[in-house]
Amino acid sequence: MAIVAPPSKFGKVGRPVLAWAVGLMFFFPIFWMILTSFKTDADAVKPEFLFVFKPTLENYLNMTENYDYWRFAKNSVITAVAATLFTLFIGIPCAYAMAFNPSRATKDVLMWMLSTKMLPAAAVLYPMTFLTKSLGLFDTHFLVILVLSLINLPIVVWMLFTYFKEIPKDIIEAGQMDGVNTWGEFKEILVPLAWGGIVSTALLCFIFCWNEAYWTVRLTTTDAATLSKLIEGNRAPEGLFFGRLSAVSAAAVGPIIILGWFCQKQLVQGLTFGAVK
Amino acid sequence: MSKRTLPRLLQSPAVLLLLVWMLVPLGMTLYFSFIRYVLNSLRRPEWTKPSLSNWRGFGNYEFVMSSKDFWFAIQNSLFIVCSILFATVILGILIAILINRVFPGRGIVRVLLISPFFVMPAVNAVLWINMILDPVLGLNGLAVAGINDLVASLQSAPLVGGFFSLWPEFEPISFRATQTSAYAVIMMVTWQWTPFAVLIFMTSLQSEDQQQKEAAVLDGAGVWSQFRFLTLPHLGRPIAIVVMIQAIFHLSLYAEIEIVSRGNGNKNLPYLIGEFANNNIGAASATGIFAVILANIVAIFLLRMVGKTLME
């Protein structure tokens, strides 16, 4: 029988109050950004309009005019979706083979994949610029998709591997007994069983692609520039455009924050490579 | 087809792509770090093309190591990373313990808490340095101005006026300045990554042995000794993982540094590499190799930790 300690006074009132205060404090900057996005640029810097002001949608309605928002958003969507699909396309077979036909080298290969993730991007900045410019790939969607895929491939393989490992091997073997070939085994058994894991891996990969801010900034100028590049290019508005800058920032992070709420749990597994459960 | 062939075939695209991605650019960096290679030179145009005849040996490394910026960048990289780690781990443990019990609205608090982690780095930096930390128009400036106004109005009040007239006028801190820009970066990254630490510590706390805790309570263990002798040892491994994953991410901070002050007084290694790469590719590459070495020292520990649990 579990012994339940009598709730102390702190536990009854203090803990919820303190927890709510901490939660609100952490959310405050985001709240502030959203609040500011509904103020005109002039109102945004006036102390008398801190909390009470006449809300306006003009910052959102003028996003195209002010920042060409949709062009950058389109690039972000295209590159993040394509990179996620490509990474899964390469990563699923790899993780499948590792989980169900492990060889002695599997562990080392997984470790090595992880180690590529630890290579500081800046160390290869110039070679990447040089290579992509001489191959004519600089500032193309193809390049951004490729780079985003490569930097996320290790995490995707790891996450999928930890999901696939949970599937009992007996099920696969029973399928083999019944004469199902590899493709059928994959399509009929693995994918339905690991569907949840594949979806959350894809969501997390998409979030990482969307938020990437080194290569997308350094290897693009206009054609393939993503939202990271857009925001980075408007870093110092000298206080003139707080309203419109807040609106475009909120539009850049809003969808991802909501998506993130759905995969909190997978985040732990994905970022710690299954080492914390 | 033998039993081994198909699995190899399935793994090969991923392995080959990563192999090329790792070896080709890194090999080029290594090569460039041993030659004289600049993008513009009127005096020595032969140095503007990468070529073995411009071999410099360890000259670029010596050049980098003798530059003041390099040592400052290493020191600053470590300062930023260590400060963020310290803050996120302490805050992470405290908050994880705080919300590890059921209370009304716990789900909403969790959602509020985790949100900063999904904000893209560029937005994080732009939001903090402008809307929040700007010394005149941000909340920072507005708050200080508000306090000054309040003090000024109290100075003419009866009785307490004399006391308040002794107060100085407060100056808001500018976080774009040479001395303070590192603190701005530390603040915004801590805000973003504390949720990550909370999430991991919370996941780990849920697997804590409750019976052991109950036994400790029966034996009269206080809250502090429960924490010190049960919870903290249980969190040892997650703490190590949080520290190492964050170390790897924060050693390559870039967007925040660029946006806050364009590296003014606050260069880290990636930023310094970016600056060298504007012209002196040899030096940029040598600095890059140093960055790789630094990251590897951290990574070796992480790989050891993760490797242990891999095949469980």
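A crossing of two helices is left-handed if the near helix is turned anticlockwise from the far one by less than a right angle, and right-handed if clockwise. The views below show a predicted model, in which local features need pLDDT of at least 70, side-chain atom pairs count only at pLDDT 80 or more, and totals for chains, interfaces and linings use all residues. Residues are numbered from 1 along each chain as its sequence is written, with chains lettered from A and ligands numbered from 1 in the order in which they are written.

**View 1. Helix α5 of chain B against helix α8 of chain B.** Helix α5(B) covers residues 121-132. Its axis lies 10 Å from that of α8(B), at an angle of about 125°. Axes are lines fitted to C-alpha atoms, for helices over the stretch in contact, with angles from 0 to 180 degrees between N-to-C directions. Helices are DSSP runs (H or I, at least four residues), numbered from the N terminus. α5(B) and α8(B) are therefore oblique to each other (under 35 degrees is roughly parallel, over 145 roughly antiparallel, 65 to 115 roughly perpendicular, the rest oblique). Their crossing is right-handed. On the α5(B) side, B:Asn124, B:Ala125, B:Trp128 and B:Ile129 take part. They meet B:Ala184, B:Met187, B:Met188 and B:Gln192 of α8(B) (contact: C-beta atoms, placed from the backbone, within 7 Å). The contact of α5(B) with α8(B) holds six nonpolar residues, two polar and no charged (nonpolar: Ala, Val, Leu, Ile, Met, Phe, Trp, Tyr, Cys and Pro; charged: Asp, Glu, Lys and Arg; polar: the others, Gly among them).

**View 2. Helix α8 of chain B against helix α11 of chain B.** Helix α8(B) spans residues 181-205, and α11(B) spans residues 236-251. Their axes come within 10 Å and cross at roughly 150°. That angle makes α8(B) roughly antiparallel to α11(B). α8(B) passes α11(B) in a right-handed crossing. From α8(B), the contact takes B:Val189, B:Trp193, B:Ala197, B:Ile200, B:Phe201 and B:Ser204. From α11(B), it takes B:Pro238, B:Ile241, B:Val242, B:Gln246 and B:His250. Eight residues of the contact of α8(B) with α11(B) are nonpolar, three are polar and none is charged.

**View 3. The contact between chains A and B.** Chain A contributes 85 residues and chain B contributes 90 residues. Helix α1 of chain A (residues 9-37) supplies the largest share of the chain A side, 16 residues. The chain A side divides into 63 nonpolar residues, 17 polar and five charged. For the complex, the predictor gives an ipTM of 0.86 and a pTM of 0.88. Chain B averages a pLDDT of 85, and 97% of its residues score at least 70 (pLDDT: the predictor's confidence in each residue, from 0 to 100).

**View 4. Helix α5 of chain A against helix α1 of chain B.** This view joins α5(A), residues 69-100, and α1(B), residues 5-32. Their axes are 8 Å apart, at an angle of about 130°. α5(A) and α1(B) are therefore oblique to each other. α5(A) passes α1(B) in a left-handed crossing. The α5(A) residues are A:Ile90, A:Gly91, A:Pro93, A:Cys94, A:Tyr96, A:Ala97 and A:Met98. They meet B:Pro7, B:Leu10, B:Gln11, B:Pro13, B:Ala14 and B:Leu17 of α1(B). Eleven residues of the contact of α5(A) with α1(B) are nonpolar, two are polar and none is charged.

**View 5. B:Ala284 and its contacts.** B:Ala284 lies in helix α14 of chain B (residues 281-310). With 27 C-beta neighbours inside 10 Å, B:Ala284 is buried (20 or more other C-beta atoms within 10 Å is buried, 12 or fewer exposed, in between partly exposed, with C-beta atoms placed from the backbone). Leaving aside neighbours within four places in sequence, B:Ala284 contacts B:Ile273, B:Phe276 and B:Ala277, and also A:Tyr126 of chain A. B:Pro121 is 163 residues from B:Ala284 along the chain, and their C-alpha atoms are separated by 24 Å.

**View 6. A:Ser200 and its contacts.** A:Ser200 sits in helix α11 of chain A (residues 195-211). With 19 C-beta neighbours inside 10 Å, A:Ser200 is partly exposed. A:Ser200 touches A:Cys263 and A:Gln266, not counting residues up to four places away in sequence. A:Leu160 is 40 residues from A:Ser200 in sequence and 9.6 Å from A:Ser200 in space, C-alpha to C-alpha.

View 7. Most residues other than glycine have a negative phi. Phi of A:Asp68 is positive, near 60°. A:Asp68 is found in the loop between α4 (63-67) and α5 of chain A. A:Asp68 has 14 other C-beta atoms within 10 Å and is partly exposed. A:Asp139 has a positive phi of about 60°. A:Asp139 belongs to the loop between α7 (125-134) and α8 (141-165) of chain A. A:Asp139 is partly exposed, with 16 C-beta neighbours inside 10 Å.

Methods
Two residues are in contact if their C-beta atoms, placed from the backbone, lie within 7 Å. Helices (H or I, at least four residues) and strands (E, at least two) are DSSP runs, numbered from the N terminus.
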